[in-house]
Amino acid sequence: MSVRFEFQDARDWRYLMESLNAIVDEASFIMDREALKLRALDPSRIAMVDLHVPREAFNTYEIEESQVKIGVNFDDLIKVLRRAKAEDKIIFEIEGRRFRIILAGKAERVFSLPLIDIVGEELPTPKVSFDVIAKMLSDTLRDSLKDAEMISDTVRFVGEENVLRIIAKSDKGELEAKFSPEGGSLIEYDVRHPSAASYSLSYLDDIVSRAYRVSEIVTVEFSTNKPLSLSFEIAGGGTLRYYLAPRLEA
Amino acid sequence: MCEVRKAILERIAEEVRRCTRCPLQAYRTRAVPGEGNPCTNVVLVGEAPGFNEDLQGKPFVGAAGNLLNELLKVAGLSRQEVFITNVVKCRPPGNRDPEDSEIAACEPYLIAQLKAIEPKIIVSLGRHSTRLFFRLAGLDFSSIMQVRGEVRRVAFNGSEYLLLPTLHPAAALYNPRLRGLVEEDFRLLGELSGKGRGLERWLYG
């Protein structure tokens, strides 16, 4: 197998890989003629990550076969990516069973890692629709989740006609964060049906505290007692999307 | 691998049977170290042996044990597929709650059992068991009703687990509402253990 792709900003790529690592320790990328993709469930099957980066997002994108599986251990990969400097480009090459990472800046540094075989199911495209869709700054969402974490380990998203509320309650106290298009905290907001659902903060914080560096804007989607979707648009093209199962109230 | 784990668990069980670390040893007929599959992904941890358990030296054998067997079925599991033990391995007299000093004395046995089995999932049955795991993981414990039914990723003693707190089956024996809750939690266990479908049930219908 012979593959080569180059991405303009090595640090952006590092943030992307760290964001995938919020869900999985190791996984297989699928590379075909159109895009680089990864879809995986976390070991508890409560969260899913779905990455799609089209070939246009890369400086160069070369693949001989129609499809190639690239199995990686994220701990090892991220250790290498943390060596990237501000203006480094990153080039990935696969020759046989080795995976070469080239950090190209003032100097060119070449790391080589083994490809790993990952046995796992290929997950089909999720089929789910949402009643509340809110676009906001990812930093704003991150701050609210940090606030909620001081109170509880569960957070409730409530989508009303003109307001999105993020609520945390426990014996320690209560937090309510309000967002609205009028107040300027929501860039876009669409409510088909008023909805509310609760989610685990440990997963959410892990996801958002990493993925907010991938994109300044996040699209939050949910419905009553259904999964939450968080989508981050990747600079240059592509989407990093998460799904998180709801915590059903007793 | 399973044979090695089995041997380690048997060695721990022998230590438990000879244990004199706390006053409960004076009251026991038989110690109840725990039993089950040494290569399981699921360990269920109750509070302490009761009357029947004390007589037989086995965990969850009375009415609460029968309910636990039913609940395991809800999760798509059987007793043979899991490991069952208690926080305290000897029966407190009169089935009183175990004291903190008794829980602390027994803790090393539980930690050693978890180290030997390396499960993916710990199900804490009831208040005492859940409170112990919350303490080990550095989490604040409020009440079992507040924390039950939500899976937490926890780490202690160098290992990571998914902790699923639920009610003690004995609490659900004669209360249909509580039984509904504990069944809901065991359905979640089924999903976690791969016997159910987790997030996929929403994403793929």
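About 80 Å³ of space lies in the largest cavity. To find that spot, select B:Cys19, B:Cys22, B:Arg28, B:Cys90 and B:Cys106, which are the closest to the centre among the 13 residues of the lining. A cavity here is a set of points, on a 1 Å grid over the protein atoms alone, where a 1.4 Å probe fits but cannot get out; a pocket is an open set with protein on both sides within 12 Å along at least five of seven lines, and lining residues have an atom within 4 Å of a point. Grid points are joined across faces, edges and corners, and a volume is the space filled by probe spheres set on the points.

Before going on, a word on what you are looking at. This is a predicted model, in which local features need pLDDT of at least 70 and side-chain atom pairs count only at pLDDT 80 or more, while totals for chains, interfaces and linings use all residues. Residues are numbered from 1 along each chain as its sequence is written, chains are lettered from A and ligands numbered from 1 in the order in which they are written, and side-chain values use heavy atoms, with hydrogens and water left out.

Back to the cavity. Which helix gives the most to its lining? Colour helix α4 (residues 100–117) of chain B, which contributes 3 residues. Helices (H or I, at least four residues) and strands (E, at least two) are DSSP runs, numbered from the N terminus. By class, the lining splits into 9 nonpolar, 1 polar and 3 charged residues. For that sorting, Ala, Val, Leu, Ile, Met, Phe, Trp, Tyr, Cys and Pro are nonpolar, Asp, Glu, Lys and Arg are charged, and the others, Gly among them, are polar. The structure holds 3 cavities of 30 Å³ or more.

Now show chain B whole. Its secondary structure comes to 9 helices and 6 strands, and 53% of its 205 residues are buried. Buried means under 20% relative accessible area, exposed over 50%, and partly exposed in between (1.4 Å probe, protein chains only). Take contacts (heavy atoms within 4.5 Å) between residues at least 6 apart in sequence: in chain B, 69% of them join residues at least 24 apart.

Next, zoom in on B:Leu178 in helix α8 of chain B. Is B:Leu178 buried or exposed? B:Leu178 counts as buried, at 15% relative accessibility. Leaving out residues up to four places away in sequence, B:Leu178 touches B:Met145, B:Leu167, B:Ala171 and B:Ala172.

Switch to chain A. Here you get 4 helices and 18 strands, and 52% of the 250 residues count as buried. Select strand β4 (residues 47–54) of chain A: 7 of its 8 residues are buried, so the strand is largely enclosed by the rest of the structure. What pairs with β4(A)? Strand β3 (residues 35–41) of chain A does, in the antiparallel sense over 7 bridges. Pairing requires that DSSP finds at least two bridges between two strands. On this side, look for A:Lys37, whose bridge partner in β4(A) is A:His52. Strand β18 (residues 239–244) of chain A also pairs with β4(A), again antiparallel, over 6 bridges. There, A:Met48 stands opposite A:Tyr243 in β18(A).

Now bring both chains back for the second largest pocket, with about 990 Å³ of space. Centre the view on A:Ser152, A:Asp153, A:Thr154, B:Gln146 and B:Arg152, which lie nearest its centre among 43 lining residues. Elements that each supply at least two lining residues include β11 (154–159) and α4 (201–211) of chain A, along with β5 (152–156) and α8 (176–192) of chain B. The lining has 17 nonpolar, 10 polar and 16 charged residues.

Last stop: backbone torsions. Most residues other than glycine have a negative phi. A:Asn225 has a positive phi of about 50° and sits in the loop between β16 (217–222) and β17 (228–233) of chain A. A:Asn225 is partly exposed, with a relative accessible area of 31%. Then jump to B:Asn157, where phi is also positive, near 50°. B:Asn157 is in the loop between β5 and β6 (159–166) of chain B and counts as partly exposed at 43% relative accessibility.
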